[in-house]
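Grab a pencil and work through these exercises with the model open beside you. Each task comes with a worked solution.

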Amino acid sequence: IFTNVANPVNFNSINAYVSQDKFTIQANGSGGDLTIEFRDANEPQIGEYEINTDCPTSFLTAGQVCVSMVYASQWRVAQGGTVYVTKTPEGKYTATFCEVLFSPSSPFSGELRATAKVTDN
């Protein structure tokens, strides 16, 4: 769910994997792509993670994540909030956040707020 935007994002591919020494949940779809990056390559624990706005992930501490997205061809970074990580009975990761503010990279302008729940498929 995205507020103050014209086009919703529908994710059709959501994957949890290790790449470049970090655990990542990647959601791709029509209208945008979402990336949640954890501190290292270890599988994340179930619980709450603070969104760190000072990415790249090399600056993350325990209990923090980086959240970014590409929306309307603009790379945007989450400006704080919380990501809730759980696992399904089948062992698939789920990440949820609510009303997170995303600001665009320079020179773009405008902000958007997003709420999402993605489950590894």
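For sorting residues, Ala, Val, Leu, Ile, Met, Phe, Trp, Tyr, Cys and Pro count as nonpolar, Asp, Glu, Lys and Arg as charged, and the others, Gly among them, as polar. You're looking at a predicted model, where local features need pLDDT of at least 70, side-chain atom pairs count only at pLDDT 80 or more, and totals for chains, interfaces and linings use all residues. Residues are numbered from 1 along each chain as its sequence is written, and side-chain values use heavy atoms, with hydrogens and water left out.

**Exercise 1.** Sort the lining of the largest pocket by class.

Step 1: list the lining, which is F38, R39, D40, N42, E43, P44, Q45, Y49, T61, A62, G63 and Q64.
Step 2: sort them, and you get four nonpolar, five polar and three charged residues.

**Exercise 2.** Work out which parts of the chain the F23 and F38 pair ties together.

Step 1: check the rings, which pair if their centres lie within 6.5 Å, with planes under 30 degrees apart counting as stacked, over 60 as edge-to-face and the rest as tilted. F23 and F38 sit 5.8 Å centre to centre with 70 degrees between the planes, so they're edge-to-face.

**Exercise 3.** Which residues form one aromatic cluster?

Solution: F23, F38, Y49 and Y93 do.

Note on methods
1 Å grid on protein atoms, 1.4 Å probe; cavity = no way out; pocket = protein on both sides within 12 Å on 5 of 7 lines; lining within 4 Å. Phe/Tyr/Trp six-rings, centres within 6.5 Å; stacked < 30°, edge-to-face > 60°. Helix = DSSP H or I, 4+ residues; strand = E, 2+ residues; numbered from the N terminus.
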